[in-house]
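Open the model in your viewer and keep the selection tool at hand. This tour goes from one selection to the next.

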Amino acid sequence: MMAKKSVFSILLFFMFFGVSKAQFTVHKMVHAGYVYQNQSFAELGGRLLFLKNDDMIYRLGVAGMIGSVNGQFAVVPKIQGDILLNFARNVDLYHSIYFLAGAEATTKYVAPKAGVTLFGLIDFSGGYAFPIDQAGINGKELKGFNFNFTINLPLVMLHDLLK
């Protein structure tokens, strides 16, 4: 079990940092959203956005999924990594929509995902979860189709709004 988590973490690290040696700009964000994974959860967490140019953007994040499973309160920690892609040139309106590909891992499942994001601020994604803990949460196994809706708020924007 622990070996799977370690291998996933190492692969994620090399995927994001081992390929390119260029200088990245890093932006901090908080995010909140809804996750359906065989059960409804609210999600709250933080992300780092790594930006070299606006054609390919990398995001790493941690979050907590909070919900009621079989009538009992449950919190599930989650790590996630995404790549946002848009190679449209000289078209401002179309450059606001990015293709999103990534993966998320919790203590209960691992799920590759794909979707779209508007300006990197509003995400719609879906995927399929593969369980790594057959016991699940409160007797409910988390596997199968998942759906995520997330709103990302850059901390710089929040700081400017609160001035």
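## Start at a buried charged pair

Select Glu-104 and Lys-113: both are buried, where buried means under 20% relative accessible area, exposed over 50% and partly exposed in between (1.4 Å probe, protein chains only). The two form a salt bridge, with the closest N and O atoms 3.6 Å apart. A salt bridge here is a side-chain nitrogen of Lys or Arg within 4 Å of a carboxyl oxygen of Asp or Glu.

Before going on, note that this is a predicted model: local features need pLDDT of at least 70, side-chain atom pairs count only at pLDDT 80 or more, and totals for chains, interfaces and linings use all residues. Residues are numbered from 1 along each chain as its sequence is written, and side-chain values use heavy atoms, with hydrogens and water left out.

Asp-82 is buried, as is Lys-113.

Now widen the selection to Glu-43, Arg-47, Arg-59, Lys-78 and Asp-123. Together with Asp-82, Glu-104 and Lys-113, they are linked in a network of salt bridges. The whole structure holds 9 salt bridges.

## Zoom out to the chain

Show the cartoon. There are 2 helices and 8 strands. Helices (H or I, at least four residues) and strands (E, at least two) are DSSP runs, numbered from the N terminus. Along the sequence the pattern reads α-β-β-β-β-β-β-β-β-α.

Colour by burial next. Of the 163 residues of the chain, 39% count as buried. Among contacts between residues at least 6 apart in sequence, 52% join residues at least 24 apart.

## Walk along strand 6

Select residues 109-118, which make up strand 6. In a regular strand the side chains alternate between the two faces of the sheet. Which residues of strand 6 point to one face and are buried? They are Tyr-109, Ala-111, Lys-113, Gly-115 and Thr-117.

Strands count as paired if DSSP finds at least two bridges between them. Look for Phe-99, which stands opposite Val-116. A hairpin of 2 residues connects strand 5 to strand 6.

Now the other neighbour, strand 7. Strand 6 and strand 7 are antiparallel and joined by 8 bridges. Thr-117 stands opposite Asp-123 here. Their hairpin has 3 residues between the strands, and Phe-119 in it takes a positive phi near 60°.

Select Asp-133 and Lys-108. The closest N and O atoms of this salt bridge are 2.7 Å apart. Asp-133 lies in the loop between strand 7 and strand 8 and Lys-108 in the loop between strand 5 and strand 6, so the pair ties together parts 25 residues apart in sequence. Lys-108 counts as buried because its relative accessibility is 18%.

Next, pick two asparagines. Asn-38 has a positive phi of about 60° although it is not a glycine. It lies in the loop between strand 1 (25-37) and strand 2 (40-53). Asn-138 also has a positive phi, of about 50°, and is found in the loop between strand 7 (122-131) and strand 8 (144-154).

## Finish in the nonpolar cores

Select Val-35, Phe-41, Met-65, Val-69, Ala-74, Val-76, Tyr-109, Ala-111, Ala-129, Ile-137 and Leu-142. These 11 residues make up the largest nonpolar core. Such a core is a set of buried Ala, Val, Leu, Ile, Met, Phe, Trp, Tyr and Cys residues joined through side-chain atoms within 4.5 Å. Strand 3 (56-69), strand 4 and strand 6 each give two or more residues to this core. Apart from it lies another core of 5 residues, among them Met-29, Leu-49, Leu-84 and Tyr-98.

Last stop: Leu-142. Its contacts include Phe-41, Tyr-109 and Ile-137, and also Asn-38 and Lys-108.

Key. Contact = heavy atoms within 4.5 Å. Lists of a residue's contacts leave out its neighbours within four places in sequence.
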